[in-house]
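Subject: Structure handover

Hello,

I am passing this structure on to you, with the sequence alongside.

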Amino acid sequence: MKPAHVKHIDPEAPELGPHEELVDVQVGSLVDRSAHESLRIGVGTNSSSNPVHAKAMEIEQALIAGNALAGSVLPGGVFKDCEFDHADLASATWINARLVRAKFTECRLTGVDLRMSELRDVAFEECKMPDALFSESNLIRVRFDRCQLMNLDLAGATIESLAIHNCDITNLRLDGARISLLDLRGSTIDGISVDVESLRGIVIDPLQSPAIVQALGVRVLNAEL
């Protein structure tokens, strides 16, 4: 039998332009309903010891690094065409945010809160993000590669196309998720929690089958009666 073809999930890259043409911005300028374009945040000495708090802020075409946005509270924020390079975003709370064409490279996102957010064309590479919250989010052309994703919460999410490859996603929560395509091949999925109705959209490799069987409460015994 010919193996079934699985659609490759390849997010569009950010449209950022040369980094040297970006303007350094102090985090103090990130205030409620402000809009910023073609900037650099945290790439030098413009980090702040106080977490940023701003509602409905928009950032377009930005390079973000350092710890400038660690612990930030940015509900309803929009990030479009942004690169996050070795950024510390631990404990950031970006509920109901919108991320379009964004790339995270070797970032720290421990406990990041992106509940009820939209992620479209977003890539995470070699990021440390245990206890991340993506519940009730909407994910379209999103990839995680070689990330630490223990206790990832995707409960109630709408997953149109998501790939999680070569990651540790122990204790992944998918309860109530609506899944069109979720490719988990190559990742550690022990302790996965998922509804039977969602299984049709999930792609795994043979080595991951026992974790799915256990999640469904099925006992596998030898043939002896």
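This is a predicted model: local features need pLDDT of at least 70, side-chain atom pairs count only at pLDDT 80 or more; totals for chains, interfaces and linings use all residues.

Core

The largest nonpolar core has 61 residues. Within that core, the residues that touch the most other members are Phe79, Phe84, Phe104, Phe124, Phe144 and Leu174. Two or more core residues come from each of the strands S2 (35-41), S3 (58-66), S4 (78-87), S5 (98-105), S6, S7 and S9 (162-165), and from helix H1 (209-215). The most, four residues, come from S4. As background, nonpolar side chains in soluble globular proteins tend to be buried together.

Leaving aside residues up to four places away in sequence, its contacts include Phe84, Leu89, Leu99, Leu109, Val122 and Phe124. Ala123, Glu125 and Cys127 are also touched by Phe104.

Salt bridges

There are 13 salt bridges in the structure. In one of them, Asp81 pairs with Arg101, and the closest N and O atoms are 2.6 Å apart. Asp81 belongs to strand S4 and Arg101 to strand S5, so this pair ties together parts that are 20 residues apart in sequence. Both Asp81 and Arg101 are buried.

Another salt bridge joins Arg143 and Asp145, with 2.8 Å between the closest N and O atoms. Arg143 and Asp145 are buried too.

Arg173 and Asp175 also form a salt bridge, at 3.3 Å from N to O. Here Arg173 is partly exposed at 38% relative accessibility, and Asp175 is partly exposed at 25%.

Surface patch

Val196, Leu216 and Val218 make a nonpolar surface patch of about 250 Å². Leu216 sits in the segment after H1 and is partly exposed, with a relative accessible area of 35%.

Backbone angles

Glu136 has a phi near 60 degrees, and its place is the loop between strand S6 (118-125) and strand S7 (138-145). Its relative accessibility is 53%, so Glu136 counts as exposed. For Arg146, phi is about 55 degrees. Arg146 lies in the loop between S7 and strand S8 (158-159), and is partly exposed with a relative accessible area of 43%.

Regards

Definitions and conventions:
Residues are numbered from 1 along each chain as its sequence is written. Side-chain values use heavy atoms; hydrogens and water are left out. Buried means under 20% relative accessible area, exposed over 50%, partly exposed in between (1.4 Å probe, protein chains only). A nonpolar core is a set of buried Ala, Val, Leu, Ile, Met, Phe, Trp, Tyr and Cys residues joined through side-chain atoms within 4.5 Å. Contact means heavy atoms within 4.5 Å. Patches are made of residues with over 30% relative accessible area and no salt bridge: like charges are joined within 9 Å, nonpolar side chains (Val, Leu, Ile, Met, Phe, Trp, Tyr) within 5 Å. Accessible areas come from the Shrake-Rupley method with a 1.4 Å probe; for residues, only the protein chains shown count as cover. A salt bridge is a side-chain nitrogen of Lys or Arg within 4 Å of a carboxyl oxygen of Asp or Glu.
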